[in-house]
There are 2 protein chains.
Amino acid sequence: MRSRTDPDTDARGTLLVDIKASSELKPGVNLPASGTVSTINDVARLAGVSIKTVSRVMNNEPNVRAETRVKVQEAANLLHYRPNLLARSLAGARSFLIGIFYDNPNPSYINAVQNGAIRRCRESSYHLLIEPQDAHSPDLERNIAGLLATIRLDGVILTPPLCDMAVVLHAVEAAGVPYVRISPFLNPGRSPIVRMDEARATYEMTQHLIAMGHRDIGFVLGHPEHGGTHLRYQGFTKALSEAGITPRPDWVKQGFFSYESGIEAGKSFFAEGKPRPTAIFSSNDYMAFGIMGVAQQMGIRIPEDISICGFDDAPGSILIWPHVTTIRQPVEDIAYAAADILLAKAEVEDADGTKRDTDRMLPFELIKRNSVGPV
Amino acid sequence: MRSRTDPDTDARGTLLVDIKASSELKPGVNLPASGTVSTINDVARLAGVSIKTVSRVMNNEPNVRAETRVKVQEAANLLHYRPNLLARSLAGARSFLIGIFYDNPNPSYINAVQNGAIRRCRESSYHLLIEPQDAHSPDLERNIAGLLATIRLDGVILTPPLCDMAVVLHAVEAAGVPYVRISPFLNPGRSPIVRMDEARATYEMTQHLIAMGHRDIGFVLGHPEHGGTHLRYQGFTKALSEAGITPRPDWVKQGFFSYESGIEAGKSFFAEGKPRPTAIFSSNDYMAFGIMGVAQQMGIRIPEDISICGFDDAPGSILIWPHVTTIRQPVEDIAYAAADILLAKAEVEDADGTKRDTDRMLPFELIKRNSVGPV
DNA sequence: GGATGCCCTGCCAGCGCTGTCAAAAAAGCA
DNA sequence: TGCTTTTTTGACAGCGCTGGCAGGGCATCC
């Protein structure tokens with residue numbers, strides 16, 4: 001269906017058309033109807049150069065004369081030429097695809113990760129393949145290995161909890177695909193990582209509570225298998241001890257990051273006849289919601305009777321009343337940085353000699369809302 | 001790096017090895033180390049057949065002798081062979097990729113759509129490319145056209161609001177890529193669509209309110225540019241008129257699907273000195289949350305003083321108290337069905353002659369929780 | 001027995017592009 | 001000017017796979 005020109009006679013009889021250097025294109029080539037796909041061949045013919053030269057221009061390679069470059073670019077524009085990504089991948093070393101593996105039930109988290117990664121991908125005209133995986137599947141390693149054999153991804157982003165699973169790391173490493181982990185807990189240094197200082201965040205939040213006059217502070221732990229759980233608790237105890245406060249063991253409750261476990265914790269905290277803290281630090285917002293629900297049911301006012309703070313800035317934290325004081329993780333920026341590490345590597349391959357930073361720590365934000373008040 | 005065998009002498013001197021038909025493979029081929037990628041060539045050599053035959057087996061094509069098929073499959077397993085998706089796409093007519101375009105700020109909705117689509121993709125070993133787009137960008141059409149020229153997708157899923165935009169439909173159609181729209185409002189019949197009966201859902205919810213004794217029912221409209229807005233209102237008025245109730249115009253408030261617009265509506269409903277309805281139907285949950293927040297602030301009890309119901313079953317609807325009575329859309333199933341239409345088409349191309357259903361309507365679910373009570 | 005047709009298999013030519021290398025053109029230099 | 005060096009360009013061979021076709025084997029039919 002593609003238009004065919006006469007045999008390639010020399011197109012560089014420039015004298016005639018030199019008046020307007022910008023229209024030095026080969027005549028007699030029919031321009032495509034909108035929607036038609038043109039190939040590098042069409043562009044080469046129109047511009048009167050070889051396809052290799054077109055390839056050079058499209059890839060911004062050096063050693064092309066400025067006027068040739070312009071000529072090719074015009075031809076490409078005229079034909080609405082877009083290089084075929086599949087063909088580029090097959091012929092070259094890059095696939096222009098990065099993948100993101102996750103097994104995380106939190107849609108807003110996943111969404112933020114995707115958006116951040118995509119934002120960076122677009123800057124390098126890369127595309128994002130999403131690959132949710134079942135972390136508990138016995139076939140996990142095989143699935144990932146198979147997938148990476150089928151599509152040669154230029155890089156992979158791993159989020160918790162997959163980023164802490166040995167089989168996952170092994171599969172990705174065996175396939176020889178570069179990867180970056182987001183907020184991993186285990187094996188720092190095994191790969192580039194991007195994260196936020198969770199311990200520091202809870203440390204500062206606890207200081208905030210103390211500054212508001214609280215000394216009787218409860219804590220709800222997150223899921224024990226999740227790395228953040230420990231880091232968050234560390235920051236909490238550090239702030240307490242620095243303020244000379246001895247934490248009460250019975251005011252540290254085990255939670256699992258779920259709303260339901262928050263309800264359990266709340267019931268436990270607010271049981272009849274027991275002394276209760278003036279503030280509760282919940283390791284994430286969902287559990288805070290649960291605690292607040294229990295308080296509400298029992299007529300305990302927030303923040304007058306008890307202050308409650310969370311972690312994550314979940315979307316619900318401004319839906320319920322009072323709005324929850326919490327820590328915002330820059331999830332989107334973290335994912336952006338993760339993609340950046342991958343793409344910078346793919347693009348310059350450490351050309352400058354300076355090793356790229358392999359452990360990026362992004363700043364958090366302490367968001368003070370209405371669920372925390374003075375004693 | 002790939003192992004090389006001696007020149008292809010005939011491997012089918014079967015007599016010797018026929019004792020164990022399952023090991024009729026060519027000897028002398030080194031098996032790959034784990035992580036090595038093997039190509040169709042390696043498999044062909046090991047199995048002692050041509051690559052074309054391997055290709056036939058891998059694609060489940062007919063006209064391959066059963067024993068040949070087994071032989072090839074064994075060789076493929078031994079080598080951990082996975083066909084290269086890029087090469088398949090380039091050589092063949094399919095890319096094994098479908099794309100999903102969206103511009104929707106609701107993470108849980110997007111997440112559900114992705115999960116449903118991926119679930120179906122995996123059944124046909126397809127992959128999902130996610131392509132968020134800015135619906136308000138002046139380059140929208142160009143972006144989509146460029147993207148589709150760069151990657152030949154086998155199909156595209158369009159969600160609201162993109163699925164109702166002329167430029168989007170035009171770009172996709174011009175590229176000749178099959179597409180399915182999810183819950184579109186405009187141009188039914190222009191493409192296959194998958195949706196839920198939104199009018200019917202509000203109709204039944206309204207009947208539910210009426211059955212609980214409510215006759216004074218307010219309504220909060222959604223964003224006027226969103227198709228669902230009108231359908232939802234239709235169902236509401238239909239149920240009212242069938243019950244002989246005349247809706248009061250001042251009890252129909254304009255909202256925009258946002259939490260904030262719910263707060264506005266709530267303030268308007270609960271303004272001092274004005275008669276107020278005994279129930280409010282909010283066109284989505286977020287607005288219902290806003291209304292409930294206002295009610296709570298003003299000491300209006302739910303559901304004792306007023307019943308409130310929403311639409312969508314947003315994740316927050318069980319986080320706040322009381323839990324919200326709402327409509328659950330089977331978003332994941334809808335997306336699954338959308339992908340199914342695309343893949344079924346890609347795979348059998350209407351081989352059976354029966355045209356595939358081009359307008360699938362999936363059932364909703366009315367979820368009764370605590371925010372609605374009897375009058 | 002020969003003709004006919006079907007089943008199974010392999011050969012070949014690409015898909016649209018990039019990597020390699022060598023040739024041609026331009027620039028630098030004595 | 002004639003030479004070397006550098007820049008610019010193109011020919012060519014694939015990347016790993018599929019589509020089209022042809023050929024050989026075998027059963028069927030007259």
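This is a predicted model: local features need pLDDT of at least 70, side-chain atom pairs count only at pLDDT 80 or more; totals for chains, interfaces and linings use all residues.
Residues are numbered from 1 along each chain as its sequence is written, chains are lettered from A and ligands numbered from 1 in the order in which they are written, and side-chain values use heavy atoms, with hydrogens and water left out.

Visitor: Which residues come nearest to DNA strand D?
Guide: A residue is near a strand if one of its heavy atoms lies within 4 Å of it. There are 26 residues around DNA strand D. Those that come nearest are A:Thr53, A:Arg56, B:Ile40, B:Ser55 and B:Tyr81.

Visitor: What share of the atoms of DNA strand D that come within 4 Å of the protein is sugar and phosphate?
Guide: Phosphate oxygens of DNA strand D lie 3.2 Å from a polar side-chain atom of A:Asn63 and 2.9 Å from a polar backbone atom of A:Arg65. Among the atoms of DNA strand D within 4 Å of the protein, the sugar and phosphate share is 60%.

Visitor: How far is a phosphate oxygen of DNA strand D from an N or O atom in the side chain of B:Ser55?
Guide: B:Ser55 is one of the residues that come nearest to DNA strand D. The distance from its side-chain N or O atom to the phosphate oxygen is 2.4 Å.

Visitor: How many residues of the surface near DNA strand D are charged?
Guide: Asp, Glu, Lys and Arg count as charged; Ala, Val, Leu, Ile, Met, Phe, Trp, Tyr, Cys and Pro as nonpolar; and the others, Gly among them, as polar. That surface has nine nonpolar and nine polar residues, and the charged ones number eight.

Visitor: What area is buried between chain B and chain A?
Guide: Buried area is the accessible area (1.4 Å probe) that two parts lose on being put together, summed over both. Contact (heavy atoms within 4.5 Å) takes 44 residues from chain B and 44 residues from chain A. Carbon and sulfur atoms give 62% of the buried area, which is about 4300 Å².

Visitor: Which residue forms a salt bridge with A:Arg122?
Guide: A salt bridge is a side-chain nitrogen of Lys or Arg within 4 Å of a carboxyl oxygen of Asp or Glu. The count between chain B and chain A is two. In the one with A:Arg122, the closest N and O atoms are 2.7 Å apart, and the partner is B:Glu131.

Technical notes: A polar contact is a pair of N or O atoms within 3.5 Å; within protein, one must be able to donate a hydrogen and the other to accept it, and residues adjacent in sequence count only if both atoms are side-chain atoms.
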